[in-house]
Amino acid sequence: MCGIVGAIAEREVREILLEGLKRLEYRGYDSAGIALISQKKNGDPFIDTVKTVGKVNKLQSAVKSSKLSGRVGIAHTRWATHGKPSVTNAHPHRSGEDIALVHNGIIENFEALRSVLVKEGYGFESDTDTETIAHLIHQRRVKGDSLLEAVKATVKRLEGAYGLCVIDNNEPDKLIVARSGSPLVIGVGIGENFVASDPLALGQVTDRFIYLEEGDIAQIEREEISIWHKSKKVKREITTVLHQAGDTEKGQYQHFMLKEIFEQPRVIQETLDGRVSKTSVLEQAFGIEAPAIFDQVQSVQIVACGTSSHAGLVAKYWLESIAKIPCQVDIASDYRYRDIIVQPGTLFVTISQSGETADTLAALRYAKKLKYVASLAICNVATSSLVRESDISMLTMAGQEIGVASTKAFTTQLAILLVMAIVLARRTGLSAEKEKKLVKELHKLPHVIEKTLGLHRQIKTISKQFSDKHHSLFLGRGIQYPVAKEGALKLKEISYIHAEAYPAGELKHGPLALVDNKMPVVAVAPNNDLLGKLKANLSEVSARGGKLYVFADESIKYQSEKRIKVINVPSCSEILAPIVFTVPLQLLSYYVALTKGTDVDHPRNLAKSVTVE
Ligand code: M6R
C-alpha cells in the first residue's frame, strides 16, 4: 500500500523524507519517488524529482547520485492500482513545471475527469488516477486561485479516497494536504513541520502529531499550521506520542498477544483505509488487473490453514449471502493432495498471515496448474512468496504479528474478505444503495471493536473458572460456527485446554454426551434469525448440568441464570457480528492462559510460521 511523507523546514529535508519512506516499507510497495523545491543558480525555485522502481534503497542510491536538495518536499511509496509499476507511474506526479503531488487512495471518477482535461489540452504522461488531480489543481492555478484555493476546489470534484500532499514552486513556502478515506497525520516540529500517512514515518523528527479528520484540508508552513473543515477554519488537538511502541515491542502490555488484541481497532481501520470510500468499496485496491478478473468470477475456492482457514469459512457465508456466489473452503494440507474439479469461472483465493505457510504455498502452486480464473492472495506480508506468486493480492494492514496465536491478522483478514464479498456482489446485482449500507456498517467496525475490548475485566474474572478444566465446548450457529472454531483454537493453543467447536444444532447428534458439570460450554449469540434455535440448543446443555458462558448481543437481553453466565457484547449489525464476537473469545483464551501461567506468546510445540509440511 502507498505511503506519503512531506516536510517543510529550514534544513535539508531529503534524508528526513527518505528515512520516512524506509519506515513505511512494511506496508508494501513497488516504486518510490521524491520531489523537492530546489533553487536555480539565480535563486528561482524549481521542482526537482527522482523516481525509481523497486525498493527504497534504490531511490536512496538514485538520490545520492543526483543533485537533489531542498527544504520543502514530498515523497511516496506506490503500490500500483492504475498503471503498472514504472518510473512514469511512480509518484510524485506533476502538472507542468510548477506543481507536484503525492496521493494515497483511489479516485473512482478519474476517467471522466481525465477526458474533460484532455479536451482542454492537458497531456498525460502516466496511466494513474493521480495525475488527473495534479492537472485539476493546475487548471485552477492558471485561473488565479492560490494553491490552497485550487486544492479546495479540486477535492470537491474527486470521488473515491485520497490522502494528498501538494507543492508548487510559485508558493514555495507551504505544503497543502487533504484527506478523505486515506489517513494523514501532521508532525509538529519547532520551526519545521511534517506530514505522513502514518506517524511511524515521522518518529525520527517529532513526537507531536495532529491527526487530520475526514474532509480536512491543511496548509502547512514552517511556523504555522492552518486547517479547514467544510470551509470553516478549525483547531485540531496536538497529541504527544512519547514513544510509539513498534510491532516488535510490548509497550505497556504483558504479552504481545494482548497488545495485538488491543491493536485491532487501529489495524482494522488501517486495513479499510484507501479500500473503502464513504459510500462504496474501491475495487482497484485489489490491483490493476482485479476488476477484469472479478468480472469473470462465478464461484470462489478458498484455501488456507489454521486461523486463516476460519477466516475463509466466515467468508463463505458472506459470499453466498451478499454476493450470491458459491464458495468452497479447503484446508491447504488436504487440498494439495486431492483431485480437484475446477468449475468454470472459479477464483482461487489463499489466506495467510505470513504468506510463507508451506501447505498454502504448495496449494497455490498446484492450483496454478488448474483452470482457475486467477489467484488472489489475502496476506499480511507484502514481500511474501504467496503475494509474489499470486496474480493479484490484497494486504491486511495488521502490522507484524508476534504472538504465535493469531488475533489481529484474523480480524483484518475478515475485513478484507467482507470488502471482497461486496466487490463480487456488485457483479451479481448488489444495488448502490445496499452497498452504501454495508459500507456504512464497515465504517462502524473499529469503534464497535474498541467498545468490545472494554469487556476485558469481566472476561478476566470469569476466565478463572476455566483454569482447572481439561475440556471445553464452543458453540455457534451459521456464520458464528467458524467464530466458535476460532475461539476453540485460541483456547487450546495457548492454554492447552482441550476445546472442541460444534455447530450448536449438531449437539444432540453426539457431543451432548460429553456435557456434565465439569464441562464449560462457551456460546456466541449475536442478534440474528438463528437466535431462537440457538437458545433451544443452549437449554439442552443447561438441562444436562452443563455450565454455559454465553457471549450475547446486549440488545437481546439474554438473562444470566444459575447455570448460564451471560456476558453482554456491544450491539452490532449481523454483518459485523463474526468479527466483533471473535474479540471476547480472544480475550477469554488470553486470560485463561494467563491464569494457568503458560507461555502465552510462544505456546509449546508451535511456530509462528509453518514453513514445513
Ligand atoms: O501464516 P498463516 O496465516 O498461513 O498461518 C496459518 C496457521 O499456521 C495459523 O493461522 C495458526 O493456526 C495460528 N497461529 C493459530 O493462532
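Entry 1, the interface of domain 1 and domain 2. I looked up the area buried between domain 1 and domain 2 in this predicted model. The two bury about 1400 Å² between them, and 59% of that area is on carbon and sulfur atoms.

I took the bounds from the domain assignment, which gives domain 1 as 3-240, domain 2 as 256-452 and domain 3 as 456-596. I find 30 Å between the C-alpha centres of domain 1 and domain 2. In contact there are 18 residues of domain 1 and 19 residues of domain 2.

I looked for salt bridges across the interface of domain 1 and domain 2 and got zero. For polar contacts between domain 1 and domain 2 I got two residue pairs, both at pLDDT 80 or more. I sorted the side of domain 1 that touches domain 2 by class: six residues are nonpolar, eight polar and four charged.

I located Thr81 in the loop between strand 4 (72-78) and strand 5 (93-95). Is Thr81 buried or exposed? Its relative accessibility is 11%, so I count Thr81 as buried, the cut-off being under 20%. Leaving out residues up to four places away in sequence, I list Ile106, Gln284, Ala285, Gly287 and Ile288 as touching Thr81. I also noted a polar contact of 3.0 Å between the side chains of Thr81 and His82.

Technical notes. Residues numbered from 1 in each chain as written. Predicted model: local features only at pLDDT ≥ 70, side-chain atom pairs only at ≥ 80, totals over all residues. Heavy atoms only, no water. Helix = DSSP H or I, 4+ residues; strand = E, 2+ residues; numbered from the N terminus. Buried < 20%, exposed > 50% of the residue type's maximum accessible area, 1.4 Å probe, protein only. Polar contact = N/O pair within 3.5 Å; in protein donor to acceptor, adjacent residues only side chain to side chain. Contact = heavy atoms within 4.5 Å. Domains from an automatic or database assignment. Buried area = accessible area lost by both parts, 1.4 Å probe. Salt bridge = Lys/Arg side-chain N within 4 Å of Asp/Glu carboxyl O. Nonpolar A, V, L, I, M, F, W, Y, C, P; charged D, E, K, R; others polar.
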